[in-house]
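Subject: Structure handover

Hello,

Here is the structure I promised to pass on. Please open it and keep it beside you while you read my notes.

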Amino acid sequence: MPIRFDNVTYAYPAEESDLVAVREVSLTIEDGSFVCICGENGSGKSTLAKLMNGLLQPTVGVVTVDGKTTATEEEKELFAIRQKVGMVFQNPDNQMVASIIEDEIAFGPENLGVPREEIGERITYALEAVGMSEHRKHTPYKLSGGQKQRIAIAAVLAMRPEVLVLDESTAMLDPRGRAEVLKVAEDLHRQGITVVLITHFMEEAARADRVVVMKDGRVVMDGAPEEIFRDREAIAKYDLELPVADALAASLVEAGLPLEDKIYGESALAEAICRSK
Amino acid sequence: MHNVVFGQYYPSDSVVHRLDARMKLLAVILYIVTVFFVVDYAMYAALFLFVFAVALIAKIPLKVLFRTVRTIVFLVLITSIINLFFTQGDTLWVHWHFIKIYREGVERAIKLALRLILLMLFPSILTLTTTPMELTDALESLMSPLKLLKVPVHAIALIMSIALRMIPILVEETEKIMQAQKARGADFDTGGALKKAKAMIPVLVPLFVGAFRRADELALAMDARCYSSVAKRTKYRVMRFALRDLFASLFCIAVFSLVFLNKYLWPFDEMILSLFGSL
């Protein structure tokens, strides 16, 4: 069920700002892929995300999900799209409606009119998928940021989506919370859910199987993370920051150290350097 | 912070906790009406006994229960004192300079104090044994007939539950803003009431701006999760009126009707006095 952008431009309504956030983007997000969309602040990456489930509708061009356009006034059709393309936002506190976790997760299925017994099963499934089963009856208030975002992901999973869009969902988290959320995203990807990760952290991009770089509303780079990371000129041009380990690896390769041309984590790089003697 | 989320909720595993919140809410409303019809001391005693019995079944320590009364001590004292000095009657008990205290005044002061305390106690049991979330559900369910009059009952209930959810977040944000202002030399603790109120303005402005931003984001998140105020939704949490709710209702009705019997048919105090007189 691919999401297809066909020459999409999005301009915010004139009374809000005269900003054209997305310009002439054509892009297809394939089934089962793990796509990372990155770019600096104001590059239009978040707007691109909101175009995927009809929260925003293109000014010019067409966005289709499963062949159906998101530019519809029909609530039913929009809901069908939003059920398939689940979205988690940046601030975990600003996307929860209920004071008890199981009620929070039930909210989506309730909106879809899922029968009560099935909602119970879906809550169990969703909490298990994010590893938060023991918190079912608790309040989200005392949880850490990472845990809250996992609950927000569970709340989307309970709607049985095919695509999970994480719209800067790791931006407000500490490193540990980010790692938790990324692990959940990777697990879900392995289970066949398409993951679209919007982020400005390049080390998160390394985990994806495709990286889309945006700048001033345009897609400027699109490829496997290895390809993107290798293009140091472009990286500098688009204000991206390579993860420390990979920036180091690139410099070492340049300096003539016989390293493999791939993406390393910190520990893998350390090992490779030791072995290269 | 537990208090901010659960209000006064006193977690415990009791029958009263498990009762249907709608039943408890209705019982409290009936109780409040009933208390205004109590006349005799014997009936006051009976109602206190009733409240204590319910508290005992709910496993709420009396200390916790009476904590709620502390908030109205001042009100009780003031109203009692006013009634004590300003009620005129037939039997003069104290006459000292311009102060006249009649027997009726004393009686009225005592009964008023008892009534106010009773009015505080039983509703407290409701909030001690029911979470705010359950109460919201109960209100939604009890107000559902209003849907026929096109009142958006579900939306009202959702607004209440979101408000409950946002309280701890806004409290925390207020603290953060105040600390930030203090770090920059703001003074919230000295000066008169007016000065203190003025010092709050720089706190309230960012708080409100933040609250609106949150509301905006929340609306977007609800949209993304297919919320519609008109579409038919299911409800995960259901309330069931069980057998125990029936028994509890009958018990409450029995006690409450005693009050009306006392007022209109059986003057308990006189009956007790004549019993002692005949001995």
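This is a predicted model: local features need pLDDT of at least 70, side-chain atom pairs count only at pLDDT 80 or more; totals for chains, interfaces and linings use all residues.

The axes of helix H5 (residues 62-70) and helix H7 (residues 103-129) of chain B come within 9 Å. They cross at roughly 125°. That angle makes H5(B) oblique to H7(B). The crossing is right-handed. H5(B) brings B:Val64, B:Leu65, B:Thr68 and B:Val69 to the contact. H7(B) answers with B:Ile117, B:Met120, B:Leu121, B:Ser124 and B:Leu128. Sorted by class, this contact has seven nonpolar residues, two polar and no charged ones.

Next, the sheet in chain A. Six strands form an open sheet with mixed pairing. Their order is S6-S7-S8-S3-S9-S10. Strand S6 (85-88) and strand S10 (218-223) of chain A stand at the edges. Each has a single partner strand, so one side of each is left without a neighbour in the sheet. On average, neighbouring strands are turned by 20° against each other, direction ignored. Strand S9 (residues 210-215) of chain A runs antiparallel to S10(A), and five bridges join the two. Look for A:Val211, which stands opposite A:Gly223 in S10(A).

Last, where the chains meet. Chain A gives 33 residues to the contact and chain B gives 29. On the chain A side, the elements with two or more residues there are helix H2 (75-84), helix H3 (101-112) and helix H4 (116-129). H3(A) gives the most, with seven residues. By class, the chain A side divides into 17 nonpolar, ten polar and six charged residues.

Best wishes

Technical notes:
Residues are numbered from 1 along each chain as its sequence is written. Chains are lettered from A and ligands numbered from 1 in the order in which they are written. Two residues are in contact if their C-beta atoms, placed from the backbone, lie within 7 Å. Helices (H or I, at least four residues) and strands (E, at least two) are DSSP runs, numbered from the N terminus. Ala, Val, Leu, Ile, Met, Phe, Trp, Tyr, Cys and Pro count as nonpolar, Asp, Glu, Lys and Arg as charged, and the others, Gly among them, as polar. Axes are lines fitted to C-alpha atoms, for helices over the stretch in contact, and angles run from 0 to 180 degrees between N-to-C directions. Angles under 35 degrees count as roughly parallel, over 145 as roughly antiparallel, 65 to 115 as roughly perpendicular and the rest as oblique. A crossing is left-handed if the near helix is turned anticlockwise from the far one by less than a right angle, and right-handed if clockwise. Two strands pair if DSSP finds at least two bridges between them.
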